Amino acid sequence: MAINVSSPELLRRFTTLSTRNYASPAFSVAAPLLSVNSNCRSIPKLCKLRESGVRSRAIVGDTELKIDEEDASLLGDDDSAEASSVDKPVDEIIPEVQERDFTGTPYVPIYVMLPLGTINMDCQLVDPDELINHLRVLKSINVDGVMVDCWWGIVEANAPQQYNWSGYRKLFQIVRDLNLKLQVSCLKFMSFHECGGNVGDNVHISLPQWVIEIGSKNPDIFFMDRDRRQNRECLTWGIDKERVLRGRTALEVYFDYMRSFRVEFDEFFEDGVITEIEIGLGPCGELRYPSYPAKHGWKYPGIGEFQCYDKYLMKSLKKASEVRGHSFWGEGPENAGTYNCKPQETKFFSDGGDYDSYYGRFFLNWYSQVLIDHGDRVLTFANLAFEGTPIAAKLSGIHWWYKTASHAAELTAGFYNPANRDGYAPIASVLKKHETALNFTCVELRTMDQHEDFPEALADPEGLVWQVLNAAWDVGIPVASENALPCYDREGYNKILENAKPFNDPDGRHLSAFTYLRLSPDLIEERNFVEFEQFVKRMHGDSVPDLEHCLEEEARTVDE
């Protein structure tokens with residue numbers, strides 16, 4: 001049977017269905033799947049319609065929507081009659097699905113992260129010829145620049161205040177010669193953390209050796225879980241003001257490192273090659289606790305564990321409890337489960353659990369405030385070191401268990417964001433205080449995909465992204481973003497574009513930049529790269545021809 005699903009009325013119904021507030025917490029769609037507007041163009045996509053008792057189901061691409069008989073009647077009298085027969089065979093058709101046209105939309109710069117092993121442990125540039133070739137390819141499609149990881153464990157590896165920037169200088173010169181811009185990330189530039197043991201890490205870069213030696217004698221300079229297992233990804237925030245690093249506090253160590261970089265690469269700042277510095281504030285450079293370390297057995301979608309059991313943070317908690325007048329609150333929760341628990345398996349995170357008790361609210365306020373205070377202090381020193389240069393801070397997108405009341409995975413990471421509280425507004429206020437841009441992850445993830453792959457996780461990346469972006473926009477700070485996982489497909493890029501340039505936003509808000517994770521042979525592969533080139537053009541607001549047409553033209557050129 002031939003079914004016409006391209007009529008405006010049916011598309012309107014599909015939009016309505018895709019945005020209904022279903023009763024099940026495991027199902028939500030933050031943005032309409034289909035829309036009808038003058039800024040759309042049609043692309044073919046497989047669609048199936050099936051009859052299922054009283055209601056029909058429509059599968060558009062990978063997304064299944066339920067359609068009332070009333071909606072099915074929009075297909076036309078004949079089609080409606082056919083649809084009412086349970087035993088009719090399923091027909092496949094190719095309808096017109098609307099894809100938004102981004103021509104003329106605001107220009108969003110695109111940066112590409114360089115591979116983790118671009119600089120080796122001796123601070124030497126690895127395979128500069130191949131890197132130059134790859135950078136030229138990126139330049140050919142008008143990528144604006146690259147982002148590089150400047151690792152503390154490489155630069156200040158062997159002794160305090162002995163810095164080796166040689167490999168980075170050679171890299172920066174290549175970037176400048178190719179007329180590209182440079183983002184230096186703290187996670188990547190001011191990388192005050194270890195590399196290795198996280199998703200996507202294919203190299204291992206530890207903290208400086210002299211810091212590791214101090215930690216062997218004083219293990220409490222690192223974060224610890226309730227069983228006092230160390231996490232050496234970064235230093236505990238409890239020593240920000242403690243002189244335990246050979247006479248210096250952690251804040252002084254960070255400032256000296258940042259100041260050394262600023263002096264060493266002054267010419268690149270003056271020439272405008274370095275456009276932004278992203279300040280590393282925690283594991284993976286993100287402002288969060290290392291609450292879900294794979295090295296301790298964590299697996300998605302575990303809730304993680306609180307990381308406050310080093311003696312310095314415990315001293316802070318004890319003091320806070322005494323000030324509150326309840327000294328017996330000076331301990332961490334005893335019923336918060338372990339790394340791979342689900343919220344409902346614990347008495348602390350379950351619905352109506354202790355997270356919302358008097359003690360729970362006290363503890364979570366303290367735990368999240370330690371995170372905010374750490375960010376406040378480091379950004380204060382960063383602005384001193386990089387006066388006049390834009391700086392940014394990165395937040396992680398912890399989207400699993402977002403549809404539960406407690407938001408357990410966010411709580412263990414330090415984001416006090418249960419269903420009855422906005423945990424990101426206080427962070428946005430601190431960033432505003434220091435005129436710091438927010439860089440947020442997971443903008444490519446779709447809630448529906450998470451529901452299909454891990455329904456038990458009750459994840460909602462779209463809802464989380466919308467909350468965090470609006471928290472930043474509401475206080476008037478720039479918002480940049482990056483993908484959490486490798487992305488090569490049109491659907492992932494479309495999700496990024498939707499978040500980068502919200503449709504019909506009355507204030508015209510959009511991302512200030514996007515960083516693609518990351519340069520690799522897979523990205524350079526022909527079809528992937530053509531798709532990426534189209535993504536770059538759409539982020540820049542340029543017109544984009546059809547992908548298949550591009551590939552046919554390229555093949556024709558090769559044949560000739």
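This report describes the confidence, fold, and side-chain contacts of one protein chain in a predicted model.

**Confidence and overall build**

Across the protein chain the pLDDT averages 83, and 77% of the residues reach a score of at least 70. Confidence is below 50 over residues 1–96, although this stretch has 161 contacts in the model beyond near neighbours in sequence. A further stretch, residues 187–199, also stays under 50 in pLDDT, and for it the model has 81 contacts beyond four places in sequence.

The protein chain contains 19 helices and 16 strands. Of its 560 residues, 56% count as buried. Among the contacts in the protein chain with a separation of 6 or more, 75% are made by residues 24 or more positions apart. Leu116 is found in the loop between strand E7 (110–113) and helix H4 (128–140), and with a relative accessible area of 6% Leu116 is buried.

**Salt bridges**

In the whole structure, a search finds 33 salt bridges. Three of them are set out below, with the distance between nitrogen and oxygen.

| Salt bridge | N to O distance |
|---|---|
| Arg490 and Glu99 | 3.1 Å |
| Arg262 and Asp266 | 2.8 Å |
| Glu482 and Lys394 | 2.6 Å |

The side chains of Arg490 and Glu99 meet in a salt bridge, and this pair links distant parts of the chain, since Arg490 belongs to helix H16 (residues 490–500) and Glu99 to strand E6 (residues 96–100), 391 residues apart. Both Arg490 and Glu99 are buried.

Glu482 forms a salt bridge with Lys394, and here too distant parts of the chain are linked, with Glu482 in strand E15 (residues 479–482) and Lys394 in strand E13 (residues 391–395), 88 residues apart. Glu482 and Lys394 are both buried. Elsewhere, salt bridges that share partners join Arg169, Arg176, Glu264, Glu267 and Asp271 into one network.

In the pair formed by Arg262 and Asp266, the two partners fall into separate accessibility classes: Arg262 has a relative accessible area of 17% and is therefore buried, whereas Asp266, with a relative accessible area of 35%, is partly exposed. Arg262 also has an aromatic neighbour, for it lies over the face of Phe269, at 4.3 Å from the ring centre.

**Aromatic pairs**

The structure holds 45 aromatic pairs. In one of them, the rings of Trp165 and Phe265 have centres 5.8 Å apart and planes at 80°, so the pair is edge-to-face. This pair links distant parts of the chain, with Trp165 in the loop between helix H5 (152–155) and helix H6 (166–177), and Phe265 in the loop between helix H8 (250–264) and helix H9 (266–270), the two being 100 residues apart. Both Trp165 and Phe265 are buried.

Another edge-to-face pair is formed by Tyr300 and Trp400, for which the model gives 5.3 Å centre to centre and 70° between the planes. Tyr300 lies in the loop between strand E12 (274–279) and helix H10 (311–324), and Trp400 in the loop between E13 and helix H12 (408–413), so the pair ties together parts that are 100 residues apart in sequence. With a relative accessible area of 25%, Tyr300 is partly exposed, while Trp400, at 7%, is buried.

**Cysteines**

A search of the whole structure finds zero disulfides. A disulfide is a covalent bond between the sulfur atoms of two cysteines. For Cys234, the closest cysteine sulfur is that of Cys284, which lies 9.2 Å away and is therefore too far for a bond; the cut-off applied is 2.5 Å between the sulfur atoms. Cys234 is buried, with a relative accessible area of 3%, and Cys442 is likewise buried, with a relative accessible area of 0%.

Technical notes. Residues are numbered from 1 along each chain as its sequence is written. Side-chain values use heavy atoms; hydrogens and water are left out. pLDDT is the predictor's confidence in each residue, from 0 to 100. Contact means heavy atoms within 4.5 Å. Buried means under 20% relative accessible area, exposed over 50%, partly exposed in between (1.4 Å probe, protein chains only). A salt bridge is a side-chain nitrogen of Lys or Arg within 4 Å of a carboxyl oxygen of Asp or Glu. Helices (H or I, at least four residues) and strands (E, at least two) are DSSP runs, numbered from the N terminus. Rings of Phe, Tyr and Trp (its six-membered ring) pair if their centres lie within 6.5 Å; planes under 30 degrees apart count as stacked, over 60 as edge-to-face and the rest as tilted. A charge sits over a ring if NZ of Lys or CZ of Arg is within 6 Å of the ring centre and within 35 degrees of the ring normal.
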